[in-house]
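This report describes the pockets and the salt bridges of one protein model. Please keep the sequence and the structure in view while reading.

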Amino acid sequence: MRTRPAARRRPAGPARALVAALVLAAGAALTGCGGAAAGEDGPIRIGMALAQSGYLAGNDRPMVEGARTAVAQINREGGIDGRPLELEIQDIASSPSKAVTITNRMLFQRHVGAFANGFLSAATEAESAILRPREVPMVVASVLPKNPDWTFTTYPKIAYFGEAQLGAAKAQGARRVAILYAQNPYGQATGALMAKQARALGMQVVDSQGIDTTKTTLAAQLSRVRQRGAEAIVDALVGPVHIALARDARTVGLKIPVIMGVDNLDVYRQSARIYPRVQFLATPPQTYPDVADPQRKAANATFLRALDARLGPDNGVDVGYASRAYDAITLLAKAMRTSGATTGPRLRDAIARTTIEGTTARYALSPDDHSGMRENPVVVARFEGDRVKVIHRP
């Protein structure tokens, strides 16, 4: 079954200490070494340090097919000045420490000159500390690191999430909300911002809890939410914990909307089958063809045709995540063409001045804005059978 509609940060506390320790541990590998693109006549290698296993595998695995689809298109069109793109894909196992090892390996053994990495924000922070002094640019699908000079993202600004989720909750009459957020840089930053946004909307935050995303039961947390009289739950979680959230919302007898943060359609679908009041953030690839912006709709039609041509129409790839890598590779390729560079400051500066009409959004990057999204691309949706129905547009 398709995983699209049938119709078609900053580390805090222990996290910061972990990143520092990881980078120090990598120091010996960095000394006297440097990353470089493959030979000037050979393929241009783009590294992808992704969670192919572990709790974020559901996010990062689809990125492989999105990237391969973009590379196939670009290479059919002659590559970059006649040189083909080549992906170097390795598994970080959802681990920042593994990400450090993999990044060093790709830099110094595989001579990767640019990266298109995944969703693990703690890994992005650790990778950035290695790539920045080596002047190697990276486009990620996570929140930006503390120092984003050499990092760019296809991730919507976290303010957009609360704007959509809380707006949907308020539109359904909720005035008392509970916030559940992941205990990682993304979740902590998003949860804190959501609390401010709720108050600005005149809503009361009756509960706010950090959640270990490896948990398999949230009954205690949801019992507290119920006791405090929440009229809706909004979350900044990701992965299988969403399924546990849905199951235990039913177990403790909740009857309120649970508006889930960014995740893949299969997780949303499983959650909605357990707890019918599940709603969720969705991007244009996940709601296609119900896309309001005509340029987004056209970009998604092109992407989906290309994905289907490679893998067949019932490929099971989550298009929301695959499209983010497709956009990242498209962005890197355009910057390489305009700059004539495949790594280093010229490529970084070109990325920072590149605009593309992507599948998720229009990316108009600048030296001061490394996401480039000027409008909120996310909506809130729910499942009606196997069809995704948009119920709230910010």
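Helix α13 makes the greatest contribution to the lining of the second largest pocket, supplying six residues. A pocket is an open set of points on a 1 Å grid over the protein atoms alone, where a 1.4 Å probe fits and protein lies on both sides within 12 Å along at least five of seven lines; lining residues have an atom within 4 Å of a point.

The model is predicted, so local features need pLDDT of at least 70 and side-chain atom pairs count only at pLDDT 80 or more, whereas totals for chains, interfaces and linings use all residues. Residues are numbered from 1 along each chain as its sequence is written, and side-chain values use heavy atoms, with hydrogens and water left out.

**Pockets**

The second largest pocket holds about 260 Å³ of space, a volume being the space filled by probe spheres set on grid points that are joined across faces, edges and corners. Among its 17 lining residues, Q73, I74, E77, Y326 and T330 are the closest to the centre. At least two lining residues come from each of α3 (57–76), α12, α13 (319–339) and β11 (355–357).

The largest pocket has a volume of about 460 Å³. Its lining has 25 residues, and D293, R296, E375, N376 and P377 lie nearest the centre. The lining of the largest pocket comprises twelve nonpolar, five polar and eight charged residues. Asp, Glu, Lys and Arg count as charged; Ala, Val, Leu, Ile, Met, Phe, Trp, Tyr, Cys and Pro as nonpolar; and the others, Gly among them, as polar.

**Salt bridges**

The whole structure contains 18 salt bridges, each a side-chain nitrogen of Lys or Arg within 4 Å of a carboxyl oxygen of Asp or Glu. Three of them are listed below.

| Pair | Closest N and O atoms |
|---|---|
| E86 and R45 | 2.9 Å |
| D369 and K157 | 3.3 Å |

E86 in strand β2 and R45 in strand β1 are 41 residues apart. R45 is buried at 16% relative accessible area, where buried means under 20%, exposed over 50% and partly exposed in between (1.4 Å probe, protein chains only). E86 is partly exposed at 29%.

D369 is buried at 15%, while R374 is exposed at 53%.

Definitions and conventions. Helices (H or I, at least four residues) and strands (E, at least two) are DSSP runs, numbered from the N terminus.
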